[in-house]
Amino acid sequence: MTDLVRLFVDGVEHKVPKGANLVDAAKMIGNDIPVFCYHPKLSPVGMCRMCLVDLGNAQIVKETGEFQRDDKGELAIRWFPKLQTACTTFVTDGMAIRTNTPQVTEARDDIIEFLLTSHPLDCPICDKGGECPLQNLTMRHGAGTSRFTYEEKMHLDKHYPLGDLIYLDRERCIQCARCTRFQEELVGDAVLGFHERGRRLQIVTTSDPEFDTYFSGNTTDICPVGALTTADFRFGARPWELTEVPSICPHCPVGCNISATTRLDRDAGGKTIVKRIMPRQNEEVNEIWICDKGRFGHHHSRSADRLTQPMIRRDGALVPATWEQAYAAIADQIKMAEASVGAVAGPMLSNEDLWELRRLVKATGGDKLGVWPYHMTGAALTAQVGVGTGTNFKNLGKGSTIVVVASDIEEEAPVWYLRIKAARDRGARLITLNARQTELDRWVRKADRHLYAAGEAVAAVNALDLGDAQNVIILVGGEGLTRAGHGAVMQAAAQKLVATGHYGKANNGLLAVWPGANTQGAFDLGYTSETTEAILSSRPKVLFLADADPVGEDALSANLLKSGFTVVVEMFMTPTAAAADVVLPRQAFAERDGSFTNGERRVQRFYTAQQPLEGTLPDWRIFASLLRTLDGTRVKLSAAAVMQEITQNVPSYASATYAKLAETKPQFPDVGGVDLYYGGTAYNNEGGLGVQWATSSEQGTTPVLEASATAPSLPARQTGELLIVPIKELYDRQHEFAASEHLMAAHIDAPYIALNEQEAASRSLTNGETVAVSYAAETAQVAVRIDNTVPAGIALIGRHLSTQPTPAVPVVGTVRKVEVLANA
């Protein structure tokens, strides 16, 4: 429990946490000390001097511990002779401050006047106008006139690209160093710095490529002026024209809370569309941060390439059809299928979509429900010993251990990477178990970085020594593992946690780095990876593929659609959709209500942000309408009604009603508050904090685990062959992100194969050279990337970087030198 001490603010006694930053402590009691450089998520530096206060200490009688008082009964306070910066002061018992004296007011007025000597008066055209801390504080403390002349103004670059995503107006910059400190302290990539001195001091990028980070957009949120703006929103709208709609990022298992900023848009025909994505505060999930993929990866929702009409295959070609015609065609095939019906669901399907698809398949007599991608499993283990309710990376520090297994966490779950790195900075021990080095290894002690040979992940987990850690979280990814291999690693991790007692409580347990936003939800509702493998081996007569592109994403699934009747529910004409018998256009996450369950088992709600494209429907309504065509079952009125049914049939979701998911509570720090200058323009949470369902061990059930985890053998390799291992790149060319390629082109890698120097030399290959990589029935033309962190006998291939499918799981293949492929 936090110790409380006495703090006197303007003569009034308050109880605040001992050691709290003075600005934070004042905020807790409702006294806003204005700041520019200070941010509650960053270390204090006292650069701007806006937070000056009168500071003193009440004198204490040593014998009694009581405060000493004068003859009038007033506290005897020893005041500092000069004003002090509140942001660099930490509360002690008996501390006293005055925030409203003439000296304090004059000092704040002076700071504003100095900041405005070279600041442009362009508020009417500034993107920050209307949500600008400097603008707000100038209205409060500004003099109204200036004693400086225009000739004395410092002129600097107005539209300087720090990179291709972020622009800098150097005249607006007030040198608060929030952006540089965010990059250095929280991200660990010191890609921004100061250049020049005095009034010419300015921000520069120090990396190549420029501003090279996955988190650049966060600097625009915490910038207290309009100096930093994003390439996709600058000059796009004014803050007072915008409506904020709570949503959830659809790109990875973190489940970042986001705010979709919307407006009626002329270029969209007067329809409401998403203009930008901003972080929404949830201190238990993403705090106030999002990665650049989540920020800039929303353009698929208005892409001109979206499907907007059902299509039916006739005479070998897909032709437009009505919804009724499509439903009728599917219903006819289901009736002839004799219960041979199955479905594979992708990671962007909401819980409501998954439930109605499940109802449809079950109603036809089918029972095959698979997930996509299919290379990870073990949800039954997370249901028993997953991280406990109330788990929060922000609470991990000294005495805690975080283990990351088989995962390049920065690429797969960027905000978890950010939060794990922050936990390490607070004293947590990090351990990595991987077949290759990853970015996270930068923050891991050498003794705790463990590289295992291919196929030895289970042995590495079994040999893990957790010491006497108070809290332990083990994160398990799927890199380099088959589905069976991943299941074995999950089993070994669960056994380790149970053996050491680190389960069934907050900040302890198993956490899977699932491949998508709602993979956890799919497992919760009865979908499995094992079923997907069974479908790939022997597909049902009628197969539904929703948000799943096996033909375009998995070289091992090329023959899946060559028999039977296939229905694809998609946003884009993927290779799988192009080969389907019926294609149905689904809506994007921003066009409908729904919920996702993140990797920590937190069910979170998202809301309709923009007007749907005409001709599209939410997945749950598509499946429900098809069921109505089959047997007359009534279609529910809303996604909320679907979730209500889920809560009545799935015990772990019993409390996940839309009303519960929408509940909020006060969070600290008060980021997104009305003052803006304290925390920046991240938005406070008005859409709900979600509901995290409890594991069985938290409810008193003893975990039931297999006696031991056995690692399956990897495919045998012949001389000259390599194990081709698919890896995740944060920025790729999947259809949902390719729509943002106009912004992200410089950040998305060209197709490549990574080998170590010895493997490349044995094949006479040089860096950048074009090679042919053969695996399964595919031969792809890619560039060689020589990387000595790649183990011997292994070749890494980035997924979703070209139009040719990579294997979804490790396979044996060859790499050979070519000039140009014959069919290129």
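Let me start with Asp448, which counts as buried at 3% relative accessibility, keeping in mind that what we are looking at is a predicted model. Its side chain is paired with that of Arg429 in a salt bridge, where the closest N and O atoms are 2.9 Å apart. Asp448 sits in the loop between β20 (429–434) and β21 (449–451) while Arg429 belongs to strand β20, so the bridge ties together parts that are 19 residues apart in sequence. Arg429, for its part, is partly exposed, with a relative accessible area of 25%.

The structure holds 51 salt bridges, and I would like to go through a few others. Asp93 and Arg6 meet through their side chains at 2.8 Å, N to O, and this pair links distant parts of the chain, 87 residues apart, with Asp93 in the loop between β5 (84–85) and β6 (95–98) and Arg6 in strand β1 (residues 4–9). Here Asp93 is partly exposed at 30% relative accessibility, whereas Arg6, at 19%, counts as buried because the cut-off for that class is under 20%.

Then there is the salt bridge between Arg306 and Glu591, with the closest N and O atoms 2.8 Å apart, and it joins two loops that are 285 residues apart, one between α6 (292–296) and β15 (311–314), the other between β26 (582–585) and β27 (594–597). Both Arg306 and Glu591 are buried.

Beyond the pairs, Asp122, Lys153, Lys158, Asp169, Glu171 and Arg172 are linked in a salt-bridge network.

Definitions and conventions
Residues are numbered from 1 along each chain as its sequence is written. This is a predicted model: local features need pLDDT of at least 70, side-chain atom pairs count only at pLDDT 80 or more; totals for chains, interfaces and linings use all residues. Side-chain values use heavy atoms; hydrogens and water are left out. A salt bridge is a side-chain nitrogen of Lys or Arg within 4 Å of a carboxyl oxygen of Asp or Glu. Helices (H or I, at least four residues) and strands (E, at least two) are DSSP runs, numbered from the N terminus. Buried means under 20% relative accessible area, exposed over 50%, partly exposed in between (1.4 Å probe, protein chains only).
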